Amino acid sequence: MELTGKRITLGVTGGIAAYKAAELVRLLIKQGARVQVAMTEAATHFVTPVTFQALSGNTVFSDQWDPRVANNMAHIDLSRDADVLLIAPASADFLAKVANGLADNLLSTLTLARDCPLLVAPAMNRQMWENAATQRNIATLRGDGVTVIGPARGEQACGETGLGRMIEPEDILAEVIAFFQPKHLAGKKLLLTAGPTFEAIDPVRGITNLSSGKMGFAVARAAQEAGAEVTLVCGPVSQPTPRGVMRIDVISALEMHTEVMQRAATQDIFIGVAAVADYRPATAAEHKIKKDGSAAPPIELVQTPDILADVAALPSPPFCVGFAAESQNLAEYAQKKRAAKKIPLIVGNLIQDGFGGDNNTLILFDDNGQRPLSPAPKIELARQLVAHIANLLENR
Ligand code: C5P
């Protein structure tokens, strides 16, 4: 659970996307958050307060003059109790109110009275989004330190297509989780590789490594959450791209090498998480190799370039981090690799501890010695790794 103990006040305003806010409440609660919902009167025309009450387990407020609030201070109490105020969906009208400091209903009043950060997920017709007044209001909100998430482009309830849809509840959840992460890598550029590579023998066969890509994708997500500008070069995997990460898909080690070397010199950090094939067939057959009854065809192998070592050998290389997945003698092999590739940090793991699963056990090896990270979900380990890298960079 990634939001354990976090108190979130969710403001729902009037728009058809209000029905998606119900799913959002469920997702937030599943991650351990305590959710308090406040609605505008308009929102109650789309979804009833009872729905949010049942999902959040808390009384839902929409009326500024609600007699259930003994001190008549719902607008103060609801924001004082929150770690973050999230408005989803945020209508054009509501954003205009907040941008101008209006307080004419419970939700706009508690927004003005808040002493916690504000996140808004706009949702409106594309023409309303493009309107100069809305854009002016969004710029004002950003200038006031409000985090604007979305909107997304796509089909709209009115039948038009364009920018203005609320981003999906899963993506809002990801943004809320990211919001709470320390910004260890703010302003840094980070490039990493993930997944296996595939070296073709013929059009339907090839040599590859077992790698789900999960660890690399977790590191990409953790780095993005920590404020880095992340580019992920990945081999063939079926993982969803973390929000805000620039993804480049490749197949072979040579392609991965090319994409990485084009970008490496301008990066602050490079992390090689990919399980790159060490050898590739010298040539790939143009047509499928047929079984013709004679001896098995020989496959001549040649070595692939060592991407990590090549990045580390640049005239002024980024801070380089490697991974070493070993089946035995982890500390000895990992330290040898760190020395051979001339990199400041290598992350070791024993293969039986986390192949393809969601959890892993890691040991970090650097100039200061070794530091074991207890078994944990890959995203948790990735966040610890990012914090460790940030610390090493700071004390370099
Ligand atoms: O050399 P070895 O494969 O054991 O080292 C593993 C580390 O080197 C990983 O970080 C991996 O991503 C990187 N590597 C690479 N290019 C290769 C082989 C490994 O970047 N051709």
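A polar contact is a pair of N or O atoms within 3.5 Å; within protein, one must be able to donate a hydrogen and the other to accept it, and residues adjacent in sequence count only if both atoms are side-chain atoms. The structure on display is a predicted model, in which local features need pLDDT of at least 70, side-chain atom pairs count only at pLDDT 80 or more, and totals for chains, interfaces and linings use all residues. Residues are numbered from 1 along each chain as its sequence is written, and side-chain values use heavy atoms, with hydrogens and water left out.

**The ligand**

Select the ligand and begin with K341, where an N or O atom of the side chain is 2.7 Å from an oxygen atom of the ligand. Taken alone, the ligand exposes 440 Å², of which the protein buries 86% (accessible areas come from the Shrake-Rupley method with a 1.4 Å probe; for residues, only the protein chains shown count as cover). At L308, a backbone N or O atom lies 2.9 Å from a ligand oxygen.

Now display the 14 residues around the ligand, among which G272, A274, F323, K337 and K341 come nearest (a residue is near a molecule or strand if one of its heavy atoms lies within 4 Å of it). By class, this shell has seven nonpolar, three polar and four charged residues; Ala, Val, Leu, Ile, Met, Phe, Trp, Tyr, Cys and Pro count as nonpolar, Asp, Glu, Lys and Arg as charged, and the others, Gly among them, as polar.

**Two helix pairs**

Select helix α4 (residues 92-99) and helix α7 (residues 132-143), which pack at an angle of about 50° with their axes 9 Å apart. Helices (H or I, at least four residues) and strands (E, at least two) are DSSP runs, numbered from the N terminus. Axes are lines fitted to C-alpha atoms, for helices over the stretch in contact, and angles run from 0 to 180 degrees between N-to-C directions.

Proceed to helix α9 (residues 214-225) and helix α13 (residues 378-394), whose axes come within 8 Å and cross at roughly 55°.

**Backbone details**

Select A88 and P89, which are joined by a cis peptide bond with omega of about 0°; P89 lies in strand β3 (residues 84-90). Another cis peptide bond runs from G150 to P151, with omega near 0°. P151 is placed in the loop between β5 (147-148) and β6 (152-155).

Finally, select N329 in the loop between β16 and α12. Phi of N329 is near 45°, a positive value in a residue other than glycine.
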